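Try each one before you read its solution.

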Amino acid sequence: MKVLVTGANGQLGRDVVLLLEKEGHSVLACARDELDITSQLECSNVISTYHPEVVIHCAAYTAVDAAETDVDGAYQVNATGTRNIAVAAEQTGAKLIYISTDYVFDGTSDVPYQEYDNTNPQSVYGKSKRAGEVLVQSLSSRWFIVRTSWVYGVYGNNFVKTMLKLGQEKPKLQVVHDQKGSPTYTVDLAHFLMELMSTEKYGVYHASNSGACTWYEFTQAIFEEAQLFPGFHIQAEVDPCATDQFPRPAPRPRNSVMEHLSIRTNALNDLRPWREGLRDFLKEIHIEQN
């Protein structure tokens with residue numbers, strides 16, 4: 001298939017492009033330099049010229065705390081930019097996959113969120129991503145919205161890399177134990193997107209690695225798994241703490257766990273348990289480092 005990927009230099013975008021190319025698809029990888037999604041004219045020109053069958057829209061404003069003061073910047077990319085992509089994809093008849101986030105929910109639920117639960121974003125980032133969802137649903141006729149959470153991969157900065165660095169440098173770390181979610185390895189998410197794009201099973205999907213943990217439990221697992229690879233010298237002790245001890249500009253959802261109802265009801269392949277994904281990620285970066 002002919003696929004156009006936005007945000008192709010991002011941590012998810014790069015894995016999506018690599019996987020699609022490996023599987024023999026024709027890919028136009030659009031980083032910021034190749035496609036300014038905030039320009040409607042540019043989106044229209046690039047997409048109509050390439051004429052893809054699928055557009056995977058990974059580009060996003062993801063600086064959660066910065067968005068609280070840069071409201072216009074967040075909406076320009078996540079809402080206006082998404083509208084531009086949606087309109088251009090629709091004009092060429094392409095399917096559109098929009099990558100969204102657990103931040104569209106308020107995080108107060110006692111149970112995992114289902115795809116059609118009411119959204120109630122609390123941060124500017126979450127509100128701007130929800131605006132993108134609404135525009136996709138309004139302007140596209142062949143759309144998939146894929147919400148994911150706690151994403152990490154080989155390319156770019158993320159929580160796992162940060163913890164590995166700190167774990168080797170610091171004697172002690174405090175990590176929040178009152179926010180829970182599902183860590184998601186970009187390679188596993190990319191495989192799901194590739195399966196999804198070949199279907200006509202349009203709608204909203206929750207796609208994260210299976211299972212859930214707190215950030216504290218995730219850190220414990222990172223350190224335990226890292227010990228199995230020579231080269232990682234973890235020395236830090238990890239203590240649990242409360243979110244209130246680390247105030248941030250943007251509110252974080254206390255519960256980011258999402259139910260994979262749409263994956264099951266559409267008979268698609270669910271993502272594997274998060275710890276298996278973590279293990280493969282550590283293997284990958286260990287190979288890179290050596």
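**Exercise 1.** Decide whether Y113 is buried or exposed, then work out how its ring sits against F105.

*Solution.* Start with Y113: its relative accessibility is 6%, so it counts as buried (buried is under 20% relative accessible area, exposed over 50%, partly exposed in between, with a 1.4 Å probe and protein chains only). F105 is buried too, at a relative accessible area of 2%. Next, the rings: the centres of F105 and Y113 are 4.2 Å apart and the planes make 15 degrees, a stacked aromatic pair. The cut-offs here: rings of Phe, Tyr and Trp (its six-membered ring) pair if their centres lie within 6.5 Å, and planes under 30 degrees apart are stacked, over 60 edge-to-face, the rest tilted.

A quick note on the ground rules: this is a predicted model, where local features need pLDDT of at least 70 and side-chain atom pairs pLDDT 80 or more, while totals for chains, interfaces and linings use all residues. Residues are numbered from 1 along each chain as its sequence is written, and side-chain values use heavy atoms, leaving out hydrogens and water.

**Exercise 2.** Classify the ring pair of W215 and F218, and find which helix holds both.

*Solution.* The ring centres of W215 and F218 are 6.3 Å apart with planes at 40 degrees, so this pair is tilted. Both residues lie in helix α7 (residues 215–226), three residues apart, or about one turn of the helix; helices are DSSP runs of H or I with at least four residues, numbered from the N terminus. W215 and F218 are both buried. Zooming out, ring pairs join W215 and F218 into a cluster with W150, Y152, F159, Y185, W274 and F281. The whole structure holds 15 aromatic pairs.

**Exercise 3.** Describe how α1 packs on α6.

*Solution.* First the geometry: α1 (residues 11–22) and α6 (residues 186–197) pack at about 55 degrees, their axes 9 Å apart. The axes are lines fitted to C-alpha atoms over the stretch in contact, and angles run from 0 to 180 degrees between N-to-C directions. That makes α1 oblique to α6 (under 35 degrees is roughly parallel, over 145 roughly antiparallel, 65 to 115 roughly perpendicular, the rest oblique). Then the residues: Q11, L12, D15, V16, L19 and L20 of α1 touch T186, V187, L189, A190, H191, L193, M194 and M197 of α6, where contact means heavy atoms within 4.5 Å.

How values were computed. Helices (H or I, at least four residues) and strands (E, at least two) are DSSP runs, numbered from the N terminus.
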